[in-house]
Amino acid sequence: MKNYYLIVIVAVLLMNSLTQATIAFSDSFEGDSLDSFWFPDTSVPAHRNSSYSLSTDYARTGTQSLKLSFDAITQPGFYMGHYFETPVQGTFSVWFYDTMFSFMAGIYLDNSRFGNTSEWATMGLNYSVWPLTDYAYRISLPNTMVGQQSPGWHHFQISVSDAGTIYSLDGVDVGHGPLQHVSRLYLKTVIAGNIFNDGSHSVYFDDFSFTPIPEPLTFGMLALGSLFVLYCSRLKNPVF
């Protein structure tokens, strides 16, 4: 009977640990509608005259990608977001189709939901010699240019851990930063200035993924569970 109660206690602790663990997420934007993981942040002023859709215009895998569209007026853009309930660490990755238009576009991360508003990170297109754009990472301010803009699909990645931030472009690490936790995520695009009054434009994202770093509690509970299974396997008599 004592062994029975021990099994129940360990099982409850393991389930609680796994429930609290941050869940990995990936999205190739192949559904009929946008996954509930995302929400369009219409509180951002840049959302004027902008919209989103799941489009067949370009696709890196499958047949669809996420299309963010806007009219080229002063400071237009779009922020497709996700808020985490607790600060997380891990790797954020997305593919971006470059149509060779001059705008800011890419992954944006910060931890402002939990009081830290001074540190944020972006990886993607940004302004080099305005109004021209190139690939860059950004640690709050200023931009650090790491590659010349070119057409087609490009891979943006930011990894966040206790050691800080690692920025990657097309599979190559290009820089480091101080951000250690994330509570807000955006796939975003913004045009700076009002010189692009030449109609509508769109950007495309595909194959997003977030791979979390497991919390120490999760590691500990999994280790405890493994030890308990080993203990039970060595009992001469059944535990029930």
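Asp206 lies in strand S15, which spans residues 200–212; strands are DSSP runs of E with at least two residues, numbered from the N terminus. The model is predicted, so local features need pLDDT of at least 70 and side-chain atom pairs count only at pLDDT 80 or more, while totals for chains, interfaces and linings use all residues. Residues are numbered from 1 along each chain as its sequence is written, and side-chain values use heavy atoms, with hydrogens and water left out.

- Asp206 is buried but has no salt bridge, and the nearest side chain of opposite charge, Arg60, is 6.6 Å away.
- Buried denotes under 20% relative accessible area (1.4 Å probe, protein chains only), and a salt bridge requires a side-chain nitrogen of Lys or Arg within 4 Å of a carboxyl oxygen of Asp or Glu.
- A polar atom of the Asp206 side chain lies 2.9 Å from the backbone nitrogen of Arg60.

**The open sheet**
- Seven strands form an open sheet with antiparallel pairing, in the order S2-S5-S14-S7-S8-S9-S10; two strands pair if DSSP finds at least two bridges between them.
- Strands S2 (39–40) and S10 (143–147) stand at the edges with a single partner strand each, so one side of each lacks a neighbour in the sheet.
- Strand S7 (residues 104–111) pairs with strand S14 (residues 182–190) in the antiparallel sense over seven bridges.
- Met104 has Val190 in S14 as its bridge partner.

**Val44**
- Val44 is located in the loop between S2 and strand S3 (50–55).
- Val44 is buried, with a relative accessible area of 16%.
- The C-alpha atoms of Val44 and Phe78 are separated by 8.0 Å, and these residues are 34 residues apart along the chain.

Methods: Helices (H or I, at least four residues) and strands (E, at least two) are DSSP runs, numbered from the N terminus. Buried means under 20% relative accessible area, exposed over 50%, partly exposed in between (1.4 Å probe, protein chains only). Lys and Arg count as positive and Asp and Glu as negative; His and the chain ends are not counted. A polar contact is a pair of N or O atoms within 3.5 Å; within protein, one must be able to donate a hydrogen and the other to accept it, and residues adjacent in sequence count only if both atoms are side-chain atoms.
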